[in-house]
Amino acid sequence: MPQSLAINSDYKRSLLDSLELFKDVAPDDVHDLLQRCDRRDLATGELLLSPGARNEHVFIVLSGSLSVHVGSIDTPVLASMNVGACVGEMSIIEDRDPSAFVVGAEASHLLVIHQSVLWEMVDASHDFAKNLLVVLSERVRSHNRVIADSYDDLRKFERHATTDALTTLANRHAMEELFPTAIALCIEKEQPVSMMMIDVDNFKQFNDMFGHIAGDRALAAVSKILIAQFRPRDVLVRYGGDEFAVLLPGANCEQALAVGERVRAAVSGTTGDGSDSLIQIPVKISLGVAELEPRQNLDSLTRAADAALYRAKHGGRNKVSV
């Protein structure tokens with residue numbers, strides 16, 4: 001439970017000099033107000049502040065330390081508050097619940113200042129008001145750094161989440177965002193749009209015979225050839241495993257078939273760049289082509305292209321089918 005604060009003048013002077021809110025504050029300016037503050041003992045792991053719990057106090061660490069966590073108390077420590085530091089001031093200034101969890105990192109003694117007393121201290125001491133502004137400024141800068149770091153982490157995560165590591169192509173997750181956008185643009189411009197599904201023939205047998213490392217290198221080599229065969233506006237993704245998907249904006253089925261034949265010929269028997277004899281084993285592909293029909297969406301277009309690929313593979317492989 002909070003206890004009344006009883007301190008002699010010598011200790012008060014030493015105490016004030018060590019607290020960030022009271023730097024250069026004349027003891028006489030806040031003497032009576034300090035007598036209206038409380039002290040709280042906080043155990044290790046005890047919760048002090050949390051989102052969703054109203055806060056009306058500023059807490060200053062007299063001994064021990066506090067840890068700050070975002071999201072939950074189980075997340076890594078975002079910041080440590082040591083002797084002299086204060087917490088809780090942001091929720092009072094913003095008149096909202098705390099944005100983080102604050103717990104005792106060890107057994108700690110805290111000076112507890114109610115918000116009404118805090119504002120009286122601001123009125124009583126120019127130096128106290130200046131220190132509070134400095135603390136708030138540091139908090140804002142700290143929050144901005146956290147936001148910037150989180151944004152960088154998010155960008156890295158998104159990049160990895162939408163890019164296939166082996167081929168560097170966009171992956172199926174990216175396809176779900178890129179393809180509908182391109183399709184909608186073609187519909188708006190009243191242009192045709194076709195989709196092509198590509199599968200490496202007998203890839204399981206290739207892997208079984210030469211190993212997964214050679215298989216990965218073959219897929220990477222195939223992807224390089226595919227990239228060179230399509231226009232910059234075409235959207236090429238690794239659909240999964242040994243399968244690729246391509247959206248061809250502005251191309252009707254006949255045009256897409258012609259592109260498919262060119263791609264098939266480019267890959268067939270020439271996969272690799274001469275640096276690895278295993279990759280020089282002829283690798284062939286099958287392709288299925290479908291043009292977007294009225295009232296079709298990405299799912300139905302994908303099913304149509306996949307059905308065409310099935311016909312190509314079951315028609316002897318190394319073929320392009322509609």
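Helices here are DSSP runs of at least four residues, numbered from the N terminus. The model on screen is a predicted one.

Start by selecting helix α7, residues 203-210. Show the side chains of F203 and F206, which are three residues apart in this helix and therefore separated by about one helical turn.

Next, look at the two rings. A pair of aromatic rings is described by the distance of the centres and the angle of the planes. With a cut-off of 6.5 Å between centres for a pair, the count comes to three aromatic pairs. One of them is F203 with F206: the centres are 6.2 Å apart and the planes lie at 5°, so this pair is stacked.

F203 has a relative accessible area of 12% and is buried. F206 is buried as well, at 8%.

The ring centres of F206 and F210 are 5.1 Å apart, and with the planes at 50° the pair is tilted. Both residues belong to helix α7, where four residues, about one turn of the helix, separate F206 from F210.

Is F210 buried or partly exposed? F210 has a relative accessible area of 24%, so F210 counts as partly exposed, the cut-off for buried being under 20%.

Finally, select F203, F206 and F210 together: these residues make up one aromatic cluster.

Definitions and conventions. Residues are numbered from 1 along each chain as its sequence is written. This is a predicted model: local features need pLDDT of at least 70, side-chain atom pairs count only at pLDDT 80 or more; totals for chains, interfaces and linings use all residues. Side-chain values use heavy atoms; hydrogens and water are left out. Rings of Phe, Tyr and Trp (its six-membered ring) pair if their centres lie within 6.5 Å; planes under 30 degrees apart count as stacked, over 60 as edge-to-face and the rest as tilted. Helices (H or I, at least four residues) and strands (E, at least two) are DSSP runs, numbered from the N terminus. Buried means under 20% relative accessible area, exposed over 50%, partly exposed in between (1.4 Å probe, protein chains only).
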